[in-house]
Amino acid sequence: MVSPTVAARQAATLDRLSNGRALFNLVTGSDPAELAGDGVFLDHTERYEASAEFTHIWRKLMEGETVTFNGKHQRVRDAKLLFSATAAAASTALFRRARLRWRRSWPLSRSIFILPGGEPPAQVAEKNSSGARRKAARHGRQVRFGIRLHVIVRETNEEAWQAADSLISHLDDETIARAQAAFARTDSVGQQRMAALHNGRRDKLEISPNLWAGVGFSARRRRDRAGGRCRHRCRTDQ
């Protein structure tokens with residue numbers, strides 16, 4: 001996988017090309033089989049350890065420092081950027097939350113965003129009120145919250161529902177079953193929570209008023225890739 005130094009160089013380039021508007025998302029991966037195919041054989045906890053070390057190096061480089069670091073998973077010596085990033089870029093790493101217990105232990109010292117998926121509002125509120133702000137404050141950081149959704153907009157609510165349903169109208173039961181089996185093998189708690197909202201049932205896809213889980217019904221998101229697809233769409237007649 002890419003080293004934090006190379007990632008920082010790429011990020012600094014994008015940052016300059018976008019005049020400081022680039023944002024960066026760190027995803028730790030979820031499917032052991034897919035990760036093994038990419039040459040990553042770390043378990044769930046080890047991936048979070050590696051992500052913590054990666055983020056530490058990446059941020060220091062983006063802040064213009066020369067970095068020497070000897071960690072369990074990452075090692076660099078006298079790493080630096082030839083062309084520095086903008087001041088804003090050094091604080092724009094996004095961290096998408098996953099496993100509850102482990103995620104509370106390290107990312108809040110290194111992240112500014114917590115970005116859950118399209119779960120019902122009560123579950124999202126539970127995450128956002130779980131002490132994240134207090135933990136971040138102890139590290140001198142202020143956490144901001146967002147949510148990952150796709151929006152289907154039509155002239156009427158009925159048309160929006162029809163557009164959403166058309167996205168899965170050609171799926172057969174075998175395809176859905178294969179996708180659900182793939183969901184079952186992931187070690188991502190977030191992915192497991194999403195799948196549990198409907199358990200592969202077509203009649204359970206409206207997980208909250210106007211919040212539909214149909215996109216994730218069969219299409220798995222590659223969570224070991226930054227910028228992966230969201231699996232939920234919000235329907236509205238507005």
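Is aspartate 78 buried or exposed? With a relative accessibility of 52%, aspartate 78 counts as exposed, where exposed means over 50% relative accessible area, buried under 20% and partly exposed in between, with a 1.4 Å probe and protein chains only.

Before I go on, this is a predicted model, in which local features need pLDDT of at least 70 and side-chain atom pairs count only at pLDDT 80 or more, while totals for chains, interfaces and linings use all residues. Residues are numbered from 1 along each chain as its sequence is written, and side-chain values use heavy atoms, with hydrogens and water left out.

Aspartate 78 sits in strand β3, residues 75-79 (helices, H or I of at least four residues, and strands, E of at least two, are DSSP runs numbered from the N terminus), and although aspartate 78 is not a glycine, its phi is positive, at about 55°. Asparagine 19, also not a glycine, has a positive phi of about 60°; asparagine 19 is found in the loop between α1 (4-17) and β1 (24-26), and counts as exposed at 67% relative accessibility.

Let me turn to helix α8. Ile176, Ala179, Gln180, Ala182 and Phe183 of α8 are buried. Viewed down the axis of α8, these buried residues fall within an arc of 155°, so they line one face of the helix, the arc being that of the directions from the helix axis to the C-beta atoms. The buried residues of α8 pack against α9 (189-196), contact meaning heavy atoms within 4.5 Å, whereas on the other side of α8, Asp173, Glu174, Arg178 and Ala184 are exposed.
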